[in-house]
Amino acid sequence: MFERGHFIDGREMPGASTRNADVMDPSSGSVLGRVALASKDEVEKAVTSASKAFPDWSATNPQRRARVLFRFKELVENDIETLARLISAEHGKVLADARGDVQRGLEVIEFACGIPHLQKGEYTEGAGPGIDVYSIRQPLGVGVGITPFNFPAMIPMWMFGVAIACGNTFICKPSERDPSAPMRLAELMMEAGAPEGVLNVVNGDKEAVNLLISDPRVSAVSFVGSSAIAQAIYEACAHNGKRVQAFGGAKNHLIVLPDADLDNAVNQLIGGAFGSAGERCMATPVAVPVGEDTADKLVQMLKPRVESLKIGHPFDKESDVGPLVTRAHVERVRNYIEMGVKEGAELVVDGRNIALQGLEEGYYLGGSLFDQVTPTMKSYQDEIFGPVLQIVRAPDFETALRLPSEHQYGNGVAIFTRNGSAAREFAARVNVGMVGVNVPIPVPLSYYSFGGWKRSGFGDTNQHGPDGVRFWTKLKTVTQRWPEDVSQASYSIPVME
Ligand code: NAD
């Protein structure tokens, strides 16, 4: 049994409040350890530490900040197995997927290593007589990141990698379900040479979040989690005068046109819908085959694949899919399956009655496949976030385009086709933030920016890439003149002749 406290001022410290939460092993349903839930005192310590570290860190030249990130990248690479095991143990995703969680975070660290170039401003010499104008991007101060359970390494690195590179100091408030990976990342950041207070981790729940987002010393908040909370965080931070970006839930559609390579589409769909037990914001839980013939073939091909998914312990190399994160979440997903049946969808594969020998208390569900799902069903409108694939049959291209475009979420969408002009038109017209063409999970690479539309993203700037640098810096523009003669007062607005 471990005890996780907080990481403040360069070291792990035990929780001082009496509030704790159990960290569960989803593979067995047993308690792995306990995590402290911060109260006022600990949040105060973290914000003070980050505030104190800011003046020196923001004045550290960008190449030195980049060197710390370079060292951090190497340390994380050397530690990837330990990190992956921590993630698998607390989250339940299989080890290969947990390594990917670390790797996709590291890619943003690699991007952030380019900060001396990325943070450069612009300069106009001779904008007027003896006048030059230049712009600079300055760090904001103390940044806060509030992260979800499903990517305990990647999403913290997306946030703090860019924030710290830009000269901010940072406080991460990870999910209380899997706090160990972010704590290890903070340790490695100190080993890499970041000064104390540059990266802190405060564990906790709603109480810690509310304290962090109302502290006047916090300048900016980046949130990733479910939409209702994303919206509440967005509104509260805006009210408190903070810069904020808040990313929410998703229901990503994968469109299959009649000319698609169906073998490829099925392979990608199976991975996209059931990988990580469907607990990915870029999962593909809805398939939209166009035309009855495509739909019939797709269902026929998917059924045996869903039935033969290898569900098992996350450390077992043979497992395709591990357990879900909590018992409560398993119940929630079961309720949605029940709802789908009651709403009249056809349950082609029922994953509810899975029995794994020796793992009876684990939070497992098999894959479920629904056909004949319609847009009026609540089980279609809501995010399920589990191993459930719903098929909505579309008669034509326009209907297939309308379904994701009109859905409340607009995170990702994919289209599978051999027709370049259809794909191009789809990408141009669809009302969704991230699009894949013959790519099932179109998470943009680190040097592009990540973010969904509608109820999947609140705010104006996206994560990492160029938007990440914009979010974590403020723009200052300087107009300068060094006159040789003393000038006369002028009472009209200056204009460049
Ligand atoms: P969640 O909203 O329950 O929790 C996210 C974070 O908010 C956690 O740190 C949690 O402690 C905190 N939190 C929970 N309740 C709170 C409250 N009432 N007030 C303030 N803070 C609160 O989300 P989760 O279950 O950890 O993660 C799954 C969700 O995240 C899914 O909806 C998924 O789609 C979404 N997600 C979105 C993206 C994206 O980029 N759009 C990425 C990953 C996950």
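# Legends to the close-up views

**View 1. Lys 173 is buried, with a relative accessible area of 3%.** Here buried stands for under 20% relative accessible area, exposed for over 50% and partly exposed for anything in between, using a 1.4 Å probe and protein chains only. The model is a predicted one, in which local features need pLDDT of at least 70 and side-chain atom pairs count only at pLDDT 80 or more, while totals for chains, interfaces and linings use all residues. Residues are numbered from 1 along each chain as its sequence is written, and side-chain values use heavy atoms, with hydrogens and water left out. The side chain of Lys 173 meets that of Glu 176 in a salt bridge, at 3.5 Å from N to O. A salt bridge is counted when a side-chain nitrogen of Lys or Arg is within 4 Å of a carboxyl oxygen of Asp or Glu. Glu 176 has a relative accessibility of 22% and therefore counts as partly exposed.

**View 2. Glu 44 and Arg 217 form a salt bridge, 3.2 Å from N to O.** The two residues belong to distant parts of the chain, 173 residues apart: Glu 44 is in helix α1 (residues 40-59), and Arg 217 is in the loop between α8 (206-214) and β11 (218-224). Helices (H or I, at least four residues) and strands (E, at least two) are DSSP runs numbered from the N terminus. Both partners are partly exposed, Glu 44 with a relative accessible area of 37% and Arg 217 with 31%. By the same rule the count comes to 29 salt bridges.

View 3. A network of salt bridges links Glu 292, Asp 296, Asp 371 and Arg 393.

View 4. The bounds, which come from an automatic or database domain assignment, are 2-248 + 456-478 for domain 1 and 253-437 for domain 2. The C-alpha centres of the two domains lie 31 Å apart. Contact, meaning heavy atoms within 4.5 Å, involves 21 residues of domain 1 and 25 residues of domain 2. Ser 27, Val 94 and Ser 456 supply 28% of what domain 1 buries against domain 2, more than any other three residues.

**View 5. Arg 280 and Asp 97 form a salt bridge, with 2.9 Å between the closest N and O atoms.** The count of salt bridges between domain 1 and domain 2 is 1. Across the interface of these domains, 9 residue pairs are in polar contact, both residues being at pLDDT 80 or more. A polar contact is a pair of N or O atoms within 3.5 Å; within protein, one must be able to donate a hydrogen and the other to accept it, and residues adjacent in sequence count only if both atoms are side-chain atoms. On the side of domain 1 that touches domain 2, α3 (80-91) and α4 (95-112) each supply at least two residues. Helix α3 gives the most to that side, with 5 residues.

**View 6. Ser 368 lies in strand β16 (residues 368-371).** Its relative accessibility is 0%, so Ser 368 counts as buried. The side chain of Ser 368 reaches the backbone nitrogen of Gly 351 at 2.9 Å. Leaving aside neighbours within four places in sequence, the residues in contact with Ser 368 include Phe 274, Val 306, Ile 337, Pro 387 and Leu 389.

**View 7. Ser 276 has a positive phi, near 55 degrees.** Most residues other than glycine have a negative phi. Ser 276 is in the loop between α10 (262-274) and β14 (286-289) and is buried, at 8% relative accessibility.

**View 8. Asn 438 has a positive phi, near 55 degrees.** This residue is in the loop between β20 (434-437) and β21 (453-454). Asn 438 is partly exposed, with a relative accessible area of 34%.

Definitions and conventions: Buried area is the accessible area (1.4 Å probe) that two parts lose on being put together, summed over both.
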